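Q: Could you walk me through this structure, please? I am new to it.

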Amino acid sequence: MACLDRRDLGLLALRVGTGAVLAAHGTQKLAGWFGGGGIEGTTAAMEAMGFHPPKHSAVAAGLGEAGGGALLALGLATPAAGAAAAGAMAGAVAVHAPAGFFVQSGGYEYPAFLGFTAAAIGLTGPGRYSVDHVTRNVFNRPWMVALAFTAGAAAAAAVVGRRAKGRAVVDPDTT
């Protein structure tokens, strides 16, 4: 049996911890678990925050967090999981940005940290203690990293840009 590798153990701990937090947040949005609003409450919140269409935005945010988080925790399709979670967090950062950086004033510190961590895991890879490793990295190829992060960045930019444009039309004094 091979010796335990500290880097792989560290990646396992980071993946499982980050993935679990993201999955919990996503299931609040999708299913109302852990005191969340479920899809109806999240849809109403998305509309109030200026995301359109609000139900599609709620589902996308919930799936990005819950799905990306679960896949990160498992170490499965790690590039896509990291990109999906990072993209979802980009939307959250956009919402919290007007309040500044620090979370105690409602800022974007926490979603930025989750997004950067998810992206770093997606770029680094899951390590040996992962489903990707067991499946010989079928869903963790170098070209998948480029594709996943390009698609995730484009989707996040489109959603955040559409929100910003819609908010500028509603409140022209914010431009």
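**Salt bridges and helix packing**

A: The structure holds two salt bridges, a salt bridge being a side-chain nitrogen of Lys or Arg within 4 Å of a carboxyl oxygen of Asp or Glu. This is a predicted model, in which local features need pLDDT of at least 70, side-chain atom pairs count only at pLDDT 80 or more, and totals for chains, interfaces and linings use all residues. Residues are numbered from 1 along each chain as its sequence is written, and side-chain values use heavy atoms, with hydrogens and water left out.

Q: Which residue meets D8 in a salt bridge?
A: The partner of D8 is R128, with 2.7 Å from N to O. D8 is in helix α1 and R128 in the loop between α5 and α6 (131–134), so the pair links parts of the chain 120 residues apart; helices here are DSSP runs (H or I, at least four residues), numbered from the N terminus.

Q: Moving on, at what angle do α3 and α4 cross?
A: The axes of α3 (residues 54–74) and α4 (residues 78–96) cross at roughly 145° and come within 8 Å. Axes are lines fitted to C-alpha atoms over the stretch in contact, with angles from 0 to 180 degrees between N-to-C directions.

Q: Is that crossing of α3 and α4 left-handed or right-handed?
A: The crossing is left-handed; that term applies if the near helix is turned anticlockwise from the far one by less than a right angle, and right-handed applies if clockwise.

Q: Which residues of α3 and α4 meet?
A: From α3, they include A61, G64 and E65, and from α4, A81, G82 and M89; contact means heavy atoms within 4.5 Å. By class, this contact has eight nonpolar, four polar and one charged residues. Ala, Val, Leu, Ile, Met, Phe, Trp, Tyr, Cys and Pro count as nonpolar, Asp, Glu, Lys and Arg as charged, and the others, Gly among them, as polar.

Q: And how do α2 and α3 pack?
A: Their axes are 8 Å apart, at an angle of about 115°, and the crossing is right-handed. Among the contact residues are I39 and M46 of α2 and P54 and V59 of α3.

Q: Which helix gives the largest share of the lining of the largest pocket?
A: That is α4, with 10 residues. The lining has 39 residues, and M46, A61, E65, A88 and A92 lie nearest the centre of the pocket. A pocket is an open set of points on a 1 Å grid over the protein atoms alone, where a 1.4 Å probe fits, with protein on both sides within 12 Å along at least five of seven lines; lining residues have an atom within 4 Å of a point.

Note on methods: Helices (H or I, at least four residues) and strands (E, at least two) are DSSP runs, numbered from the N terminus.
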